[in-house]
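User: I have a chain open here and would like to talk through how it is put together. Can we go step by step?

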Amino acid sequence: MPAPHDEQKLLEKFMWLSIAASILVIALKLAAAWITGSVGFLSDAIESVINLVAAAVGLWALKLATKPADDNHNFGHARAEYFSAQVEGSLILVASLVIIWTSIDRIINPQPLEQLGVGLLFSIVATVINAAVGIALIRAGKKYRSTTLDADGRDLITDVWTTVGVVVGMALVWITGWEVLDPVVALVVGTNILFTGYSLLKGAIRGLLSETLPDDEVATAHNFLDAYAADNGVTFTSVRTTAAGRQRFVNLVMQVPGGWNVDESHDHADEVETGIAKELSGAETIIHVEPLGHPTTTGPMCV
């Protein structure tokens with residue numbers, strides 16, 4: 001894994017890639033909409049404009065998330081990434097409503113389409129660009145646990161499927177001459193991204209509400225703690241987990257034999273912190289030490 005500074009620079013490069021791709025894709029889709037007069041192509045272009053704004057917000061969130069802890073933010077600024085996902089989800093919801101409104105208006109007031117072949121070509125090129133960048137962002141988001149990259153990548157992949165639907169619809173218009181399919185396709189696009197926006201907002205809110213780590217990561221932490229307890233004569237209770245952007249936290253009580261002194265207990269706590277950080281790629285562990293048999297502390301975790 002890259003060092004934290006190098007990892008941050010890498011994530012920022014991915015966001016710049018997303019911004020560059022969005023600008024190129026917007027140009028292609030707006031050209032397709034302008035040449036053809038298609039509301040379907042226009043709706044697709046509107047979604048890509050949202051992608052560009054979201055990528056810019058995502059870059060800002062990534063930079064803010066790396067700021068060190070201060071007097072007002074004792075655990076750092078990692079949760080800034082969730083705000084990026086919230087902004088992106090909100091923008092998608094707004095875009096979907098605009099698209100749906102425009103589509104209904106075009107159904108009521110139909111207009112002829114022109115040069116659909118050229119528009120289809122531009123849209124296909126835009127789809128290939130979005131697919132390549134979106135897949136790269138999702139993979140990087142999972143590898144480096146970045147909510148921002150993952151959300152932006154999923155947004156681009158949604159845009160890919162949107163464009164595929166638009167291309168199929170416009171191809172049918174081109175073949176059949178049924179121009180009413182144009183606003184109908186746009187209406188379907190708007191409805192689809194409406195649900196995408198809702199999904200992104202839901203995920204961001206879950207992160208802000210300190211949801212526990214994924215089941216596999218929780219299991220990894222428990223497996224390490226069980227092995228350590230068996231080898232060292234301690235007991236772990238009240239194990240709780242959460243995440244803040246890419247940073248993960250584990251909070252637990254370590255019950256130790258009553259004969260241990262402070263230094264010995266502290267040494268074991270250090271070993272546990274180091275072990276969990278290794279098992280969960282840098283997770284921060286907060287440990288409360290108690291003598292064995294002491295009533296378990298169950299206060300809320302500080303995040």
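User: Let's start with one side chain: what does Ile276 touch, leaving out residues up to four places away in sequence?

Analyst: Bearing in mind that this is a predicted model, Ile276 touches Phe224, Leu225, Val250, Leu252, Ser281, Ala283 and Thr285, with residues up to four places away in sequence left out of the count.

User: Which nonpolar core residues have the most contacts inside the largest core?

Analyst: The largest nonpolar core has 20 residues, and those with the most contacts inside it are Val234, Phe236, Leu252, Met254, Val272 and Ile276. The elements that give two or more residues to this core are α7, β1 (235-244), β2 and α8, and the largest share, five residues, comes from α7. Apart from this core lies another one of 17 residues, including Phe14, Val25, Ala140 and Tyr144.

User: What span should α7 have for its number of residues, and what comes after it?

Analyst: Helix α7 covers residues 215-232, and at 1.5 Å a residue its 18 residues should span 26 Å, which agrees with the 26 Å between its end C-alpha atoms. Gly233 follows α7 and has a positive phi, near 70°.

User: And α8, which residues are buried there?

Analyst: In α8 the buried residues are Ser265, His268, Ala269, Val272, Gly275 and Ile276. Their directions fall within an arc of 125° when α8 is seen down its axis, so these residues line one face of the helix. Asp263, Thr274 and Lys278 are the exposed residues on the face of α8 turned away from its buried side. As for length, α8 has 18 residues and reaches 26 Å from its first C-alpha to its last, close to the 26 Å expected at 1.5 Å a residue.

User: Moving to the strands, why is β2 described as largely enclosed?

Analyst: Nine of the 10 residues of β2, which runs over residues 247-256, are buried, so this strand is largely enclosed by the rest of the structure. The chain goes from β2 through helix α8 (residues 262-279) to β3, and this β-α-β crossover is right-handed.

User: In which sense do β2 and β3 pair, parallel or antiparallel?

Analyst: Strand β3 (residues 284-291) pairs with β2 in the parallel sense, over eight bridges. Within that pairing, Val250 stands opposite Thr285 in β3, and Val253 stands opposite His288 in β3.

User: You mentioned Thr285. Buried or exposed?

Analyst: Thr285 counts as buried, because its relative accessibility is 8% and the cut-off for buried is under 20%. Not counting residues up to four places away in sequence, Thr285 touches Val250, Leu252, Glu273 and Ile276. From Thr285 to Gly275 the C-alpha separation is 9.7 Å, with the two residues 10 apart in sequence.

User: What about α4, how many residues does it have?

Analyst: Helix α4 (residues 116-143) has 28 residues, and it reaches 40 Å from its first C-alpha to its last, close to the 40 Å expected at 1.5 Å a residue. After α4 comes Arg145, whose phi is positive, near 55°.

User: Last one, the whole chain: how many helices and strands are there?

Analyst: There are eight helices and three strands in the chain, and read along the sequence they follow the pattern α-α-α-α-α-α-α-β-β-α-β. Of the 303 residues in the chain, 47% are buried. Among contacts between residues at least 6 apart in sequence, 75% join residues at least 24 apart.

Notes:
Residues numbered from 1 in each chain as written. Predicted model: local features only at pLDDT ≥ 70, side-chain atom pairs only at ≥ 80, totals over all residues. Heavy atoms only, no water. Buried < 20%, exposed > 50% of the residue type's maximum accessible area, 1.4 Å probe, protein only. Helix = DSSP H or I, 4+ residues; strand = E, 2+ residues; numbered from the N terminus. Pairing = 2+ DSSP bridges. Right-handed = clockwise from strand over helix to strand, strands pointing away. Contact = heavy atoms within 4.5 Å. Expected span 1.5 Å × (residues − 1). Core = buried A, V, L, I, M, F, W, Y, C linked by side-chain atoms within 4.5 Å. Arc of directions from axis to C-beta.
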